Amino acid sequence: RKAVIVGVSLGCGLLILALLLVLSLWYYCVWYKERKSSRISEEERFVKSDFLGDEIACLDDLVLERQIGLGRFAEVWRVDFLGKEAAVKIFSENEKQSWKTEVDTYTNPKLKHEAILNFWAAEKRTGLEGIVEYWLVTDFHAVGSLGDFLKSHVIDCQQMCVMAHSLAAGLAYLHSKGDNGTS
């Protein structure tokens, strides 16, 4: 009788373990498929926004002019692109996920507003010596990032009010539910 109880217990345990394994595999497959469909495809060399319309064929016409910033995740260059000033943020291969996150953010159609930086394009590139880089092209702002500007400038009350208004407009837009700006 003891052997039967041990056998049944062992069989039930193995059945539960098998069921958990099947459920885990099913969950992983659903999660992986959903995650894969929401990410930029590795084969997709070039992603473009609506900002420049059909002007962009590829980023091969982009000319790096001078480095204007260096951060923890990427370096930023001022570039000439089809006769227009732009900025390109260059991520190393180790920062691929940071690049994908920014591309996903900038390509969100709900983030088109005058107080939010305009996205132009993104591309996976092979740089010098076969090194993989991830490029993100946006508007160029001559004063640089807000942090750099505030570190190097003393602003008066009027400038502070203009900046606060711009920041508030951007935040209000991000927190609004519709195009009319209402929450």
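**Paired strands and their salt bridges**

Strand β3 and strand β4 (residues 84-92) run antiparallel and are joined by 8 bridges. A strand is here a DSSP run of type E with at least two residues, a helix is a run of type H or I with at least four, and both are numbered from the N terminus. Two strands are said to pair if DSSP finds at least two bridges between them. The model is predicted, so that local features need pLDDT of at least 70 and side-chain atom pairs count only at pLDDT 80 or more, while totals for chains, interfaces and linings use all residues. Residues are numbered from 1 along each chain as its sequence is written, and side-chain values use heavy atoms, with hydrogens and water left out.

The predictor's confidence in each residue is the pLDDT, which runs from 0 to 100. Its mean over the chain is 76, and 77% of the residues reach 70 or more. In residues 35-45 the pLDDT falls below 50, and this stretch has 16 contacts in the model beyond near neighbours in sequence. A contact means that heavy atoms lie within 4.5 Å.

The chain as a whole contains 4 helices and 6 strands. Along the sequence, these elements follow the pattern α-β-β-β-β-α-β-β-α-α. Among the contacts with a separation of 6 or more, 49% are between residues 24 or more positions apart. The accessible surface of the chain is about 13,300 Å², and carbon and sulfur atoms hold 60% of that surface. Such areas come from the Shrake-Rupley method with a 1.4 Å probe, and for residues only the protein chains shown count as cover. A residue is buried under 20% relative accessible area, exposed over 50%, and partly exposed in between (1.4 Å probe, protein chains only). By this rule, 23% of the 183 residues of the chain are buried.

We now return to the strands. How many residues stand between β3 and β4 in their hairpin? There are 2 residues between these strands, and L82 in the turn has a positive phi of about 55°. Within this pair, A74 stands opposite F91 in β4. Strand β3 (residues 74-81) also runs antiparallel to strand β2 (residues 63-70), with 6 bridges between the two. A hairpin of 3 residues connects β2 to β3, and V63 has D80 in β3 as its bridge partner. In a regular strand the side chains alternate between the two faces of the sheet.

Side chains of opposite charge can pair when their charged atoms come close. A salt bridge is counted when a side-chain nitrogen of Lys or Arg lies within 4 Å of a carboxyl oxygen of Asp or Glu, and the structure holds 4 of them. In one of these, E65 meets R78, with the closest N and O atoms 1.9 Å apart. This pair links distant parts of the chain, since E65 belongs to strand β2 and R78 to strand β3, 13 residues apart. E65 is partly exposed, with a relative accessible area of 43%, whereas R78 is buried at 12%. R78 forms a salt bridge with E85 as well (2.6 Å, N to O), and E85 is partly exposed at 42%.

A further salt bridge joins K89 to E102, the closest N and O atoms being 2.8 Å apart. Here strand β4, which holds K89, is linked to helix α2 (residues 96-106), which holds E102, and the two residues are 13 apart in the chain. K89 is partly exposed, with 25% relative accessibility. Through shared partners, salt bridges connect E65, R78 and E85 into one network.

Strand β5 (residues 119-126) and strand β6 (residues 132-139) are antiparallel and share 7 bridges. In this pair, E123 has W135 in β6 as its bridge partner. Why is β5 largely enclosed by the rest of the structure? The reason is that 6 of the 8 residues of β5 are buried.

Finally, we turn to the cysteines. A disulfide is a pair of cysteine sulfur atoms within 2.5 Å, and a search of the whole structure finds 0 of them. The cysteine sulfur nearest to that of C157 belongs to C161, 4.3 Å away, and C157 is in no disulfide. C161 is likewise in no disulfide. C157 is exposed, with a relative accessible area of 53%, while C161 is partly exposed at 47%.
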